[in-house]
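Hi everyone, and thanks for coming along. Today I'd like to walk you through one structure, so please take a moment to look at it with me.

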Amino acid sequence: MKRLYEAPAYDTARWPDSWWRASVAAIPDHAPLSGAAETEVAIIGAGVTGLNAALELAERFGTAATVLDAGQPGWGASGRNGGFACLGGAKIDDATILARHGAEVLRAFHAFRMAGIDRVADNLDRYRIDADRQPTGEIALAHRPAAMAELDREAALLSDVLGLETERLAPESLAERGLGPSVFHGGIRIGCGFGLHPLKYVLGLAGAAIATGVKLHGQSPVTAIRPAGNRWRLETPQGSLTADRVILATNGYTAEDIPPALAGRVLPAFSSILVTRPLTTAERSAAGWQSPLIAFDSRTLLHYFRLLPDGRFLFGMRGGLSARTGAQAAIRRMARRHLEALFPAWAHVETPYFWSGLIALTWRLTPSIAALPGRPGLFAALGYHGNGVAAGSEAGRRVARCAMGAEAAIPALLARPPARFPLAPLRRAGLGAAYLRYRLADGPVSA
C-alpha cells in the first residue's frame, strides 16, 4: 500500500492524544474481517461519509452493506476534527464559483452544504446521539483590516444571492459579543452551523448502522481491490470481501494505489489541534472570549477555534508537512505560539492535548461524489478540504443513492471524479511551497 506520508500518520494501533478520545469512556472494538465473505455493497472507511452511506443503503434501499475500516470508527479524521458542522467542503470561495460557473451552480452547491448541516442535526435527533451540540451560528473574523472588506463581500453574497442570514460585526462590538480579543478587526456572523463532539457523533452513527443490520469490521485495511467477474474482491490481511459495488470513503487517508484510479488525485494535508485545560471564568473574561459559537479567522492558513461546553478552548490550524515525531513537535510549538499571539491572556494556560490528522485536498478545490471512470461499480465520495463533518455526512447519503442507480441530486460542481494533480508525485513538495507563499501573504500572527 503506497502512502504519501510517513508510517506514523497511518498507525491505527495508536489513537491520537485527543480530548475527544480522552472524554469518551469506552470505544467498541469491531472485529477484523476474517475469511471469505460477500455483500451487495462494500464501503471502505467507517467515518461520517461511509457510515452515512451505510445508513442510507439500509434505510432507503433495504441493503445491508459491509463497512471495512483500517482502524476503528472514529480513529481517522471523522473522530479527530474540530467538531464544526457548518458550511464547507470546498476550498474555492463562493465568489469564484459564481464568476466561473454562475448563480445556479453556486445555489445548488449551497443547497448541498445546507443539507449537510441539516443532515447532521437530523442524525443527532433520529439516532439519539448525545454529541454535546452547541448553539447555532458561525463567526468569521478578520485577521487584518483589509480582510474585513473581503468578509463584507462574502456576507453580501451569502445574503443577497443565497438567502442566508448574516450579520456584520464591527471591531468595537466583538468584545460585547464575547468575541475578543482586540487582535481581530471585525467579523461576520453566519446564521447556520454548530459545534459538536465529533467522536461521539461518529460512534453514534456506527451504533445506528449496526442496529440496521450493517456489518462493520475494524482493523481491516483494504490492501487490494480486484475485479471478480462483474463484481469486485477486496483483500484484507485476514480475509476477502466480494461485492457488487464498492464505495470509497477514505478522504485524507486514501492510499495512492488502492484503487489505482485515484492515484495522484487526492492531496492529504495535516490539520492540528490544541485543547486547553478548563478555563476559569476570570481567564475567559481576561481574553474576552465567552462565546460558544464556532469561529475561524480569515487567513488562508486559517485558525479555527471554539469554547467547549466544559470551558476548555479548542484551537486548530493548518501547516504541518510530516508525521515524524520532530515535525509534529514543531507544529505543536507553532500552534502554541499562535494561540498565545491571538489570545495573550492565556499565555499561562496549559494545553495538555495536541493531535493532528489528515484532511483531503483536490485539484479543483471541491469535493467529489462520483463513479470512478472505467471502473464500473466503484464509487468515491471525498475531498472536503478540512471541513467534512456536514459535507461528508451528506456526501455519504448521496453517493449511496448514486451507487444504487437512484436519483442522487449531486451538484454539478461535485459530480466528477477528482482530477489528477499536475506533477502528482511532487505534490507534497508543492504543498510545502504553497504554505510558504500563504504565510507571506497572510502576514505575521501577532497581538
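This is a predicted model: local features need pLDDT of at least 70, side-chain atom pairs count only at pLDDT 80 or more; totals for chains, interfaces and linings use all residues.

**Cavity, pocket, bridges and cysteines**

Let me start with the lining of the largest cavity, whose residues divide into four nonpolar, three polar and two charged.

Residues are numbered from 1 along each chain as its sequence is written, and side-chain values use heavy atoms, with hydrogens and water left out.

Back to our cavity. Which residues line the largest cavity? They are Thr-362, Arg-364, Thr-366, Pro-367, Ser-368, Leu-413, Arg-416, Pro-417 and Pro-418. The space inside comes to about 30 Å³, and the structure holds one cavity of 30 Å³ or more. On a 1 Å grid over the protein atoms alone, a cavity is a set of points where a 1.4 Å probe fits but cannot get out, and a pocket is an open set with protein on both sides within 12 Å along at least five of seven lines; lining residues have an atom within 4 Å of a point. Grid points are joined across faces, edges and corners, and a volume is the space filled by probe spheres set on the points.

Now for a pocket. The second largest pocket has a volume of about 530 Å³. Its lining has 22 residues, with Pro-8, Arg-14, Pro-16, Gln-328 and Ser-356 nearest the centre. Strand 16 gives the most to this lining, five residues. Helix 9 (325-342) and strand 16 (353-361) each supply at least two. Helices (H or I, at least four residues) and strands (E, at least two) are DSSP runs, numbered from the N terminus.

On to charges. How many salt bridges are there? The count comes to 25, where a salt bridge is a side-chain nitrogen of Lys or Arg within 4 Å of a carboxyl oxygen of Asp or Glu. One of them joins Glu-394 and Arg-119, at 3.0 Å from N to O. Glu-394 lies in helix 10 (residues 389-403) and Arg-119 in helix 4 (residues 103-126), so this pair ties together parts that are 275 residues apart in sequence. Both Glu-394 and Arg-119 are buried; buried means under 20% relative accessible area, exposed over 50%, partly exposed in between (1.4 Å probe, protein chains only).

Another bridge pairs Arg-231 with Asp-244, their closest N and O atoms being 2.7 Å apart. Here Arg-231 sits in strand 10 (residues 231-236) and Asp-244 in strand 11 (residues 239-248). Asp-244 is partly exposed, at 32% relative accessibility. There is also a network: Glu-56, Glu-59, Arg-60, Asp-122, Arg-126, Arg-397 and Arg-401 are joined by salt bridges that share partners.

Last, the cysteines. The structure holds zero disulfides, a disulfide being a pair of cysteine sulfur atoms within 2.5 Å. Cys-86 is in no disulfide, and its nearest cysteine sulfur, that of Cys-192, is 7.6 Å away. Is Cys-86 buried or exposed? Cys-86 counts as buried, at 2% relative accessibility, and Cys-192 is buried too, at 5%.

Conventions. Ala, Val, Leu, Ile, Met, Phe, Trp, Tyr, Cys and Pro count as nonpolar, Asp, Glu, Lys and Arg as charged, and the others, Gly among them, as polar.
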